[in-house]
2 protein chains.
Amino acid sequence: MKLRFLRSGRLAAVAALFAAVAGPGRADEGMWLYSAPPRAQLKAKYGFEPTDAWLEHLMKSSVRFNSGGSGSFVSADGLVITNHHVASDDLQKISDEKNNYLRDGFLARTPAEEKRLVDLELNVLQSIEDVTARVNAGVPAGAVGDAAAAARRKVIAEIEKESLEKTGLRSDVVTLYQGGAYHLYRFKKYTDVRLVWAPEQQIAFFGGDPDNFEFPRFNLDATVYRAYENGLPAKIQHYLKWSAAGTKEGDLTFVSGHPGSTNRQFTMAELRFLRDTQYPYIVPRIKRLEVLLKSWGDRSEENARRAKDDLFGLQNSRKVYDGRQAGLFSPAIMGPKAAAEKAFLQQVGDRPEGAAVRAAFDRIAESSLAQAKIYRRYRLLEGGHAFMSDSFTFARNLLRAGDERPKPNGERLREFGDARKASFEQTLFSEKPVYTDLEIIHLAEALTFFAEIAGFDDPVVQQVLAGQSPRDRAAALINGTQVRDVAFRKKLYEGGAAAVAAAKDPLIELARLVDAESRALRKEWEALDETKKQAHATIEKARFAIEGPNRAPDATFTLRLSYGPVKGYVEDGKKVPAYTTLAGLYARNTEHKNKEPFDLPPRWVEKKGALDLSVPFNFVHTPDIIGGNSGSPVVNTKGEFVGIIFDGNIYSLVGDFAYEDVQARALSVDCRAIIESLKKVYGADALAAELLGGKKP
Amino acid sequence: MKLRFLRSGRLAAVAALFAAVAGPGRADEGMWLYSAPPRAQLKAKYGFEPTDAWLEHLMKSSVRFNSGGSGSFVSADGLVITNHHVASDDLQKISDEKNNYLRDGFLARTPAEEKRLVDLELNVLQSIEDVTARVNAGVPAGAVGDAAAAARRKVIAEIEKESLEKTGLRSDVVTLYQGGAYHLYRFKKYTDVRLVWAPEQQIAFFGGDPDNFEFPRFNLDATVYRAYENGLPAKIQHYLKWSAAGTKEGDLTFVSGHPGSTNRQFTMAELRFLRDTQYPYIVPRIKRLEVLLKSWGDRSEENARRAKDDLFGLQNSRKVYDGRQAGLFSPAIMGPKAAAEKAFLQQVGDRPEGAAVRAAFDRIAESSLAQAKIYRRYRLLEGGHAFMSDSFTFARNLLRAGDERPKPNGERLREFGDARKASFEQTLFSEKPVYTDLEIIHLAEALTFFAEIAGFDDPVVQQVLAGQSPRDRAAALINGTQVRDVAFRKKLYEGGAAAVAAAKDPLIELARLVDAESRALRKEWEALDETKKQAHATIEKARFAIEGPNRAPDATFTLRLSYGPVKGYVEDGKKVPAYTTLAGLYARNTEHKNKEPFDLPPRWVEKKGALDLSVPFNFVHTPDIIGGNSGSPVVNTKGEFVGIIFDGNIYSLVGDFAYEDVQARALSVDCRAIIESLKKVYGADALAAELLGGKKP
């Protein structure tokens, strides 16, 4: 599952396994289930009591983008609004040599001009049903391990099939609280979706990487679609009324969307592993790779083109990891986490499961320490950091395919399982361009990194370098291997282990040289992971027994409700105001002399005089969000649409393992800026009128 | 001493203490003394026998720039040629609001237009006299330590004074082979020097950082001065005849210049320390700082301006350290070093001093291991990496000045000695701008780095952070300190320790918190350095006794002769040709769409049609050079000027500790490109005629 949030890939998707450890009553934390909304918290802190109707309306106005993101209905005639960066793949797919809608934007002036998208599916949640009892009943008493899992899969499949047949709705059983609860989610689907309006990518992502995860911001990160049914605009009962007035600082806001995954169940021992072992390895590594690609890219335009995607990914990762590392070093983040863990251990202490829970915490701590000991070597060898290049990936996959495929399915390494065969082959036989020069640069850096981290005198380093310098060895390997030839890969894959051995390809032989140690490290690593997983299940079961649904479960890319006020913050002793304005956009453009990525689309230069520059553009607020929330509607207490989530600031990046509301903020596009732009820049008066009026004018 | 080489600051000046360990007969290594030229090597390998007249002529045509660089006489009427980047400070000093000669270049069309420089002194070596016997005789038998050193200083001063009085020439006694020999160098001085021609900086340093230390290159890195005596152009007997034909691949070339310092005496133990301890710390640190400043600079034009100098310095250092690390990981570099060390130990083994020399090697190895143990903490605390910011430097200097100044001069930390007082105060009271925002960014990064390297749970890290995150703590410290106020610094400096304590400045108190441990680390570090220094003296004495002047001593910023052929090389399996052409300049400019730093001065765009684009522009050859060689003349076997050294490639950066000629190359501007540019781009026909004819036309 690809989670669109911020920009696709800006936040890596991490499997959400367990639920949060944050103590009760902490700030406005929580991505809440619609079936267990935070009524008490809202009433106590904000004096606000959402009615069932309010909740149902917001739930049914919320839209899940199966491509990985969120959105909402904003007119009775089927208008759906989401982020431009959620829509970008759709825009790419309908663009051609003549029309680059992603870059240049689009406006349908009549219904006939609305452009049907290629393969987008929208889901709208209709109901939530607790099926925990039935799921648990489906697992025979005493069943454990695989048998229990198989029984559970069977009963879940039955429930889903039965519901689909009965209701005609897409029906998914969702696992919550690491098995503490099972809920049946039913969705209405829309598969005929058409493009109504998109701005230019330049204004949607104004400021590019330098402003990524930052605030103040000036992004018109929005796109409008229309859902159709039976060839006509869908008639929508539940859609959000557009607020003409918008918000002001201090207003309570709600975010209704689909956060992808969180890891708030991490114990302090696991956070220390991140802080003391993983991040001190990852953070400098990302930066050295960024420097490598940036400086290599600066050498020529063609180099820059070849390195561009990887470089953007590294810059994005660098911000993510810097932000998370800052969180791990922040007492404001880690203090409450430690206190909550301590409180939970005390709370559970007197209960019958107390000893088992304490033992589970200990096992996680021991496993984390054991992983810390092998971490670097595991990443270097099995993670491939010592040989990082597309060529090495091809070489190792060929080697291992030869060794793994003759084994029974169940005994193979995961990625060689029958279920993954098609996608494995698609990757192995990919025709994507692999550049020899960039491969040498990458492998030389990787071998240098290997020698630096493992030590030059390490016997494996010496064997790998084979008497050459990292750069010479990289050039010899990359120039000597045939794996960049698709036909060669096909031949070896089909020929199996014997053909692989007979080829005597230097890079495959390098992969073979380290394969035994690499596999051993993986085995050890995964065993420790399994130990942690089982320990977490023990802990979460005890926690759910104590807290029940009074705590939001970790994110699962299903609909959740978050809340919090519009609120500026303080950075380096200076106040960061909650709102930017259109005037700020032009000021930032001027400050950067219209240079990329701070340049404006021509239309925005021409129409400046027509705009009310005091209109709020982007704003910050405190709701608990994460990757997958991109495009989520922001509503006020009246349930009116006041903005759209598009990013988090740098402090929000700790959201994977902790929530804070001192500096962490969600970033949204203000509803007023969307209307002002549609009217004054895009001449889209009819669309603006439909949004403001809630139906076709 | 500031060594101009490449760009000023591109290669750091490191004190040259000892001589090289490279075995005899290795390639073309050596920065040879004119008093002991490599006659045997040249004859054996190239069949070339330089006559005494040939050597004297080249020696007396060579010019030392006391600002840190090299050059040569190229006409009977006093023309001197050097690099544009050696001249850049001079050009800056004579520029004003109206005339930016550094950026825009300059041409004097008549002698009257030649612009006198502000404070440049040129030295021309006239003679070398071995005074070893007299120096050693001046040291009483049995004198050791300070007494011996004082006696040696006294006799050297006598020799210098006597020579000056007798000859009227600047007279310096130079210590070679770590005391193995003492030579008296006499120089003729020129202090009236005038600017004749300089190109635009854009063409002198075309390609900027991306092309720095790279090849192919396209730099017109040359500037022409004229030396005057008694208000008239100096009449020069020894000047280099300009070659109209230039060189071709394979031609033997000589470089006559002033290499600043080398450290080829490093033992394998010291090289392992660099490889296993120092570089794995420094290389990632430089890269993270580069990423920090680059990404912060991208946020605004003003940020970029503020970060620019530091960023260029980091980019330059990154290439230097990457290049040297590559050397440390290269068997081609380290193999011969190891073999030479082993050979020397065998050679010395049977001699009476054998045991002492072996013990000296052991002491160096032990000291290096001991330094490795404390290295990171030493750099973090005493090196200030944990608090890197101008504000912290002010704070610590104020704290230590208060503690050190009341002590007797001899007991103070070095930088607080009376001899350094004026320059210390100049730095402390500097009015240079210090930006609060950049200071916070720097300190936050430094505190993060400290927590990452020393570990977050380290007691000192905890005391330093004082319960805040690195970023919050940095903001609090930088916003809270008064040390950026010059008047405050003056007040505390004058008030001494009591005033410093009374101020309770948060950053000074932070410096105080770590001062005891920091001083202890420094004491331990310097004691180990002293042990190594003494051991090196033992080794070098033994080496000189065996090898004598058949080995070139380490560089001392005195005139040396290097040699080697014009020769391309192979990089990543691809041939890099020895020459570039003017056509290549335009191709590279087009490839980069005239974008900075690949943009051309307007004149070069206009005059393209007039140029013979096949003229060679820059070339690579193998002579042994290093920082200080910038501007050195390159001559052929006839002693004719064929080019001018301006850079080394990335592989040459190991030159500090090793010479190789497989990929390491010196980079020179071809004499033919200089003439072609003068005639066709600058309309400087008279100057071109004087260069070609050797006198004013």
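Two strands count as paired here if DSSP finds at least two bridges between them, and strands (E, at least two residues) and helices (H or I, at least four) are DSSP runs numbered from the N terminus. With that in hand, B:Val635 stands opposite B:Phe641 in E20(B). Welcome to a predicted model, in which local features need pLDDT of at least 70, side-chain atom pairs count only at pLDDT 80 or more, and totals for chains, interfaces and linings use all residues. Residues are numbered from 1 along each chain as its sequence is written, while chains are lettered from A and ligands numbered from 1 in the order in which they are written.

**How the two chains meet**

- Chain B superposes on chain A by a rotation of 180° with 0.0 Å of shift along its axis, at an RMSD of 0.2 Å; this is the relation of a two-fold axis.
- Chain B gives 39 residues to the contact and chain A gives 39 residues, where contact means C-beta atoms, placed from the backbone, within 7 Å.
- On the side of chain B that touches chain A, helices H9 (268-297), H10 (301-328), H11 (331-349), H15 (436-454) and H17 (470-480) of chain B each supply at least two residues. The largest share, nine residues, comes from H9(B).
- That side of chain B holds 13 nonpolar, 12 polar and 14 charged residues. Nonpolar covers Ala, Val, Leu, Ile, Met, Phe, Trp, Tyr, Cys and Pro, charged covers Asp, Glu, Lys and Arg, and the others, Gly among them, are polar.
- The copies meet through the same surface, because 100% of the interface residues of chain B are also interface residues in chain A.

**Domains of chain A**

- Chain A is assigned domain 1 (32-121 + 191-263 + 554-693), domain 2 (266-350) and domain 3 (372-553), with bounds from an automatic or database domain assignment.
- The centres of domain 2 and domain 3 of chain A, taken over C-alpha atoms, are separated by 22 Å. Each of domain 2 and domain 3 of chain A brings 11 residues to their contact.
- On the domain 2 side of that contact, H9, H10 and H11 of chain A give two or more residues each, and H9(A) has the largest share with six residues.
- By class, this side of domain 2 of chain A divides into seven nonpolar, three polar and one charged.

**Strands E19 to E21 of chain B**

- E19(B) and E20(B) run antiparallel and are joined by three bridges. Their hairpin has five residues between the strands, and B:Gly639 there takes a positive phi near 80°.
- E20(B) also pairs with E21 (residues 666-670) of chain B, in the antiparallel sense over five bridges; B:Gly643 stands opposite B:Asp670 in E21(B).
- Eight of the eight residues of E20 (residues 641-648) of chain B are buried, so this strand is largely enclosed by the rest of the structure. Buried means 20 or more other C-beta atoms, placed from the backbone, within 10 Å of a residue's own; 12 or fewer makes it exposed, and in between it is partly exposed.

**Buried spots worth a look**

- A:His258 lies in the loop between strand E13 (252-257) and H9 of chain A, and it counts as buried with 31 C-beta neighbours inside 10 Å.
- Not counting residues up to four places away in sequence, A:His258 touches A:Arg64, A:Ser70, A:Phe557, A:Thr558, A:Leu559, A:Gly628 and A:Asn629.
- In helix H2 (residues 52-61) of chain B, the buried residues are B:Leu58, B:Met59, B:Lys60 and B:Ser61.

Note on methods: Two residues are in contact if their C-beta atoms, placed from the backbone, lie within 7 Å. Copies are superposed by least squares on the C-alpha atoms of residues with pLDDT of at least 70 in both.
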